[in-house]
2 protein chains.
Amino acid sequence: MDWLLTPGPVRLHPKALEALARPQLHHRTEAAREVFLKARGLLREAFRTEGEVLILTGSGTLAMEALVKNLFAPGERVLVPVYGKFSERFYEIALEAGLVVERLDYPYGDTPRPEDVAKEGYAGLLLVHSETSTGALADLPALARAFKEKNPEGLVGADMVTSLLVGEVALEAMGVDAAASGSQKGLMCPPGLGFVALSPRALERLKPRGYYLDLARELKAQKEGESAWTPAINLVLAVAAVLEEVLPRLEEHLALKAWQNALLYGVGEEGGLRPVPKRFSPAVAAFYLPEGVPYARVKEAFAQRGAVIAGGQGPLKGKVFRLSLMGAYDRYEALGVAAMFREVLEEILPAS
Amino acid sequence: MDWLLTPGPVRLHPKALEALARPQLHHRTEAAREVFLKARGLLREAFRTEGEVLILTGSGTLAMEALVKNLFAPGERVLVPVYGKFSERFYEIALEAGLVVERLDYPYGDTPRPEDVAKEGYAGLLLVHSETSTGALADLPALARAFKEKNPEGLVGADMVTSLLVGEVALEAMGVDAAASGSQKGLMCPPGLGFVALSPRALERLKPRGYYLDLARELKAQKEGESAWTPAINLVLAVAAVLEEVLPRLEEHLALKAWQNALLYGVGEEGGLRPVPKRFSPAVAAFYLPEGVPYARVKEAFAQRGAVIAGGQGPLKGKVFRLSLMGAYDRYEALGVAAMFREVLEEILPAS
């Protein structure tokens with residue numbers, strides 16, 4: 001079980017493991033405040049925002065809910081294209097938040113086209129950047145532009161859970177006003193922290209509600225290096241340590257992640273597998289199962305080689321499998337995984 | 001900074017540190033499901049409930065909010081005695097949840113009397129068991145009994161954040177229907193997990209709302225060893241490891257914690273300090289600052305000896321200091337801390 005090839009949680013960065021092995025830090029100390037501010041500063045850099053990044057103790061889903069509930073008031077109209085499990089989740093969260101939700105459905109694997117969201121009358125558009133369930137990457141800048149041409153006052157919220165530190169992310173430059181992410185994906189840390197990035201424009205438009213996820217209260221505390229509620233400070237240490245290592249050579253890191261994912265697609269396509277997405281996210285390679293081969297067989301073939309992979313979610317359950325090298329894997333580990341994938345395909349594909 | 005004497009986070013249990021140094025586990029694997037179910041089983045034992053314990057990724061405050069929002073519907077009347085910072089928090093959460101809240105105020109350090117809550121017409125009573133801000137322990141069984149005599153249908157919710165694994169806890173036997181706790185106190189793990197214990201009676205009365213904190217959805221997933229949202233699985237491993245170690249000798253452990261806290265009070269009283277609480281919680285020893293000695297002076301005297309202590313919260317800010325041996329400290333470490341405390345008192349108290 002050492003080859004964690006799931007699209008999160010992922011293999012931990014050595015700096016994260018190192019941080020987690022330290023004695024407990026108390027969050028109301030100068031040392032903790034320093035690391036909290038450092039992590040927030042590095043996250044701002046990672047999201048490429050002039051706004052703020054808030055660190056929440058919880059999963060990426062909590063960050064998505066915080067984003068929706070703090071940007072939109074009940075009764076406001078939002079547009080939610082649904083093209084995978086996580087955009088489905090945005091839809092559910094918006095409904096539960098009391099918004100008037102217009103849903104646009106796409107086959108899993110597809111992503112919305114700019115003309116689909118070029119419609120007037122909405123307070124917001126909710127998009128998933130990298131749809132981890134299908135491996136598809138939405139064209140955020142084009143979608144945000146098309147939406148905002150028709151809704152100059154509208155806010156664009158994005159799930160950047162598996163794009164942060166894996167693909168290109170630039171909050172304002174992409175036309176995104178707020179984004180949610182988490183610690184256990186591109187940041188190569190354990191799960192337990194969610195992040196909400198807020199552009200300067202989003203910061204002016206906060207409509208806080210809820211108690212634990214009241215972002216105005218968080219913002220006030222986090223500007224001082226504190227947090228409203230006891231934070232998972234050990235994970236904040238880990239996040240700061242990893243970002244400090246990766247950000248100075250981010251371009252190289254993103255190029256590696258793109259190359260690694262392309263490598264997986266290459267092996268799959270050599271074996272005649274059909275990719276699930278049309279536009280590839282660098283976070284995960286998703287393939288339809290070969291005709292007549294059940295998911296359990298693929299999973300088992302990888303398990304025998306010490307690897308954990310992911311199956312399909314929602315309507316893709318039992319139809320696809322997914323591999324990810326988003327974790328702390330270098331070039332040679334990726335080549336090793338490619339060799340493993342080839343072996344598996346030889347084993348499971350009917351001899352021709 | 002090695003002597004963490006704050007009432008949470010606390011010095012980590014060696015079993016927790018060991019668990020945190022392991023490679024990342026994926027939460028949708030058999031190994032993770034096993035550890036999740038094991039942690040839930042051990043937590044049920046720790047809360048002494050025949051009901052269920054749900055593990056949430058978030059702080060104890062999230063667990064308190066989940067408890068309130070899943071047990072009471074907007075417009076229901078609840079009674080909230082306020083006798084410290086955490087009962088103040090219960091009050092705020094109940095208000096934000098849209099409940100009709102009747103507040104009973106007590107001086108910090110005091111706890112409510114059974115006759116105060118023996119009033120008809122309430123759907124619930126919210127109590128803090130061990131008020132970490134004052135060091136006071138509320139008499140939960142007597143309070144719950146008095147309340148339920150007048151409100152047989154009423155539910156009693158309790159904050160057991162610093163009583164779980166520190167003092168006597170027994171959900172149903174104490175007349176409590178639901179309780180909230182967290183990982184970073186008596187469980188000697190890092191912060192990042194909240195727990196909600198639900199008695200069989202509370203389970204029948206769930207009125208789920210919210211998205212991330214929808215306990216009905218959690219219950220369904222957690223019965224299978226899963227969780228609705230990506231859990232801080234590394235911390236679940238740590239919690240299971242610590243409980244597995246401590247629960248078989250719980251009586252001895254609680255006796256140690258009680259003795260350690262009494263030791264701190266003994267040293268303080270020898271030095272002429274006045275304790276804050278009337279009824280002592282075993283989780284923390286809280287003292288009024290000696291006449292003319294500012295908190296910064298006490299904090300600094302401990303810091304020079306490598307210890308981190310806690311000051312006052314809310315109206316007690318600048319008036320008290322708090323010491324806790326809730327963390328992974330044995331008998332001899334406690335005696336060392338007692339010696340440190342004596343030294344500090346000699347240094348800060350005016351020579352008589």
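1. Lys185(A) is buried, as its relative accessible area is 8%; buried means under 20% relative accessible area, exposed over 50%, and partly exposed in between, with a 1.4 Å probe and protein chains only. The model is predicted: local features need pLDDT of at least 70 and side-chain atom pairs pLDDT 80 or more, whereas totals for chains, interfaces and linings use all residues. Residues are numbered from 1 along each chain as its sequence is written, chains are lettered from A in the order in which they are written, and side-chain values use heavy atoms, without hydrogens and water.

2. Lys185(A) lies in the loop between β9 (178-182) and β10 (193-198) of chain A; helices (H or I, at least four residues) and strands (E, at least two) are DSSP runs, numbered from the N terminus. UniProt, in an unreviewed entry, lists Lys185(A) for "modified residue: N6-(pyridoxal phosphate)lysine". Such annotations may be inferred rather than shown by experiment, and their positions are given in the numbering used here, with feature names shortened.

3. Beyond its neighbours within four places in sequence, Lys185(A) is in contact with Pro7(A), Gly8(A), Val10(A), Val161(A), Thr162(A) and Met326(A), where contact means heavy atoms within 4.5 Å. The side chain of Lys185(A) reaches the backbone oxygen of Pro7(A) at 2.8 Å.

4. Thr162(A), one of the contacts of Lys185(A), is placed in the loop between β8 (155-159) and β9 of chain A. Thr162(A) is buried, with a relative accessible area of 1%. Its side chain makes polar contacts with the side chains of Ser130(A) at 2.7 Å and Thr132(A) at 3.0 Å. A polar contact is a pair of N or O atoms within 3.5 Å; within protein, one must be able to donate a hydrogen and the other to accept it, and residues adjacent in sequence count only if both atoms are side-chain atoms.

5. Arg322(A) is found in strand β14 (residues 320-323) of chain A and counts as buried at 5% relative accessibility. The UniProt annotation "binding site", from an unreviewed entry, covers Arg322(A). The side chain of Arg322(A) reaches the backbone oxygen of Thr132(A) at 2.7 Å. Leaving aside neighbours within four places in sequence, the contacts of Arg322(A) include Leu5(A), Pro7(A), Ser133(A) and Gln313(A).

6. The second largest pocket holds about 1300 Å³ of space. On a 1 Å grid over the protein atoms alone, a pocket is an open set of points where a 1.4 Å probe fits, with protein on both sides within 12 Å along at least five of seven lines; lining residues have an atom within 4 Å of a point. Grid points are joined across faces, edges and corners, and a volume is the space filled by probe spheres set on the points.

7. The pocket is lined by 48 residues, and Lys85(A), Gln313(A), Arg322(A), His26(B) and Arg28(B) lie nearest its centre. Elements that each supply at least two lining residues include α3 (60-71) and α4 (85-96) of chain A, and α2 (30-47) and α8 (215-222) of chain B.

8. Arg33(B), in helix α2 of chain B, is buried, with a relative accessible area of 19%. Leaving aside neighbours within four places in sequence, Arg33(B) is in contact with Arg28(B), Glu224(B), Gly225(B) and Glu226(B).
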